[in-house]
Amino acid sequence: TDVSIKYLSNFPKLTKGEGEIEINPKKLNGFLSSGLISDIPVTEGKIQINLRAPKKWFAEIEFVGKGDNRKILELLDKKPINFSEKFSIDTSKVTGTSASRVMLDFPVRLDLTFDKLNFAALSNLENFGVQDIIDGVDLSKANMQFSLTNTILNAKGRGDLNNIATNIDWKQNFNSKGAVEL
């Protein structure tokens, strides 16, 4: 009860954590029933740190965060994920709320880089908006399902583009130039 833990050096601590931890010489398993990352309530958390080879530890982290989209995206805007840099979204222009399941898989290293991190997020976005999402175009009042990995973004739902109700189906592959489908 009321446990704090630092899980990635550039990310804020998990605080007010409640759950269980199991430890043996080759594995740490943690199960989080509730806690906070910044002001974001998190639940359904788990962390596994496994020794896969001598001095080769790997971590798998999963949790559900619910709250303000701006705060959630600001959390994901820390190294090594750097959300806004990779996906060209200014987090200060984001509105709405969401429930998001975040999954991370990475080698435990002090010099962790984005290319060594496996990342996925699944979100239900409510009243989502981004001012100037595309040159001169604002997205508002969007209710969407959103999935994101290191390389692919998918968003599907309904929202307003410059106050015009629109069905949205956005697919983007970050490994291909010009690979945006709207």
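Mentor: Let us begin with β9 and β10, which form a hairpin with two residues between them, and in that turn Asn162 has a positive phi of about 50°. Helices (H or I, at least four residues) and strands (E, at least two) are DSSP runs, numbered from the N terminus, and two strands pair if DSSP finds at least two bridges between them.

Trainee: Where does the model come from, and how are residues numbered?

Mentor: This is a predicted model, in which local features need pLDDT of at least 70 and side-chain atom pairs count only at pLDDT 80 or more, while totals for chains, interfaces and linings use all residues. Residues are numbered from 1 along each chain as its sequence is written, and side-chain values use heavy atoms, with hydrogens and water left out.

Trainee: Which other residues have a positive phi without being glycine?

Mentor: Ser38 is one of them, with phi near 55°, and it lies in the loop between β3 (27-37) and β4 (40-53). Asp132 has a positive phi of about 60°, but its place is in strand β7.

Trainee: What about Leu117, buried or exposed?

Mentor: Leu117 has a relative accessible area of 0%, so it is buried, although its place is in the loop between β6 and β7. Over the chain, 35% of the 182 residues count as buried.

Trainee: Which strands does β6 pair with?

Mentor: β6 runs antiparallel to β5, with 11 bridges joining them, and Phe106 in β6 is the bridge partner of Ala59. β6 also pairs in the antiparallel sense with strand β7 (residues 118-134), over 11 bridges, and there Thr97 stands opposite Glu126 of β7.

Trainee: Changing topic, how many cavities are there?

Mentor: The count comes to one cavity of 30 Å³ or more, and about 50 Å³ of space lies in the largest cavity. On a 1 Å grid over the protein atoms alone, a cavity is a set of points where a 1.4 Å probe fits but cannot get out, and lining residues have an atom within 4 Å of a point; a volume is the space filled by probe spheres set on the points, which are joined across faces, edges and corners.

Trainee: Which residues line it?

Mentor: The lining of the largest cavity is made by Ile40, Phe63, Gly65, Ile72, Leu75, Leu76, Ser100 and Val102. Two or more of the lining residues come from each of β5 (56-68), α1 (69-75) and β6 (94-107).

Definitions and conventions. On a 1 Å grid over the protein atoms alone, a cavity is a set of points where a 1.4 Å probe fits but cannot get out, and a pocket is an open set with protein on both sides within 12 Å along at least five of seven lines; lining residues have an atom within 4 Å of a point. Buried means under 20% relative accessible area, exposed over 50%, partly exposed in between (1.4 Å probe, protein chains only).
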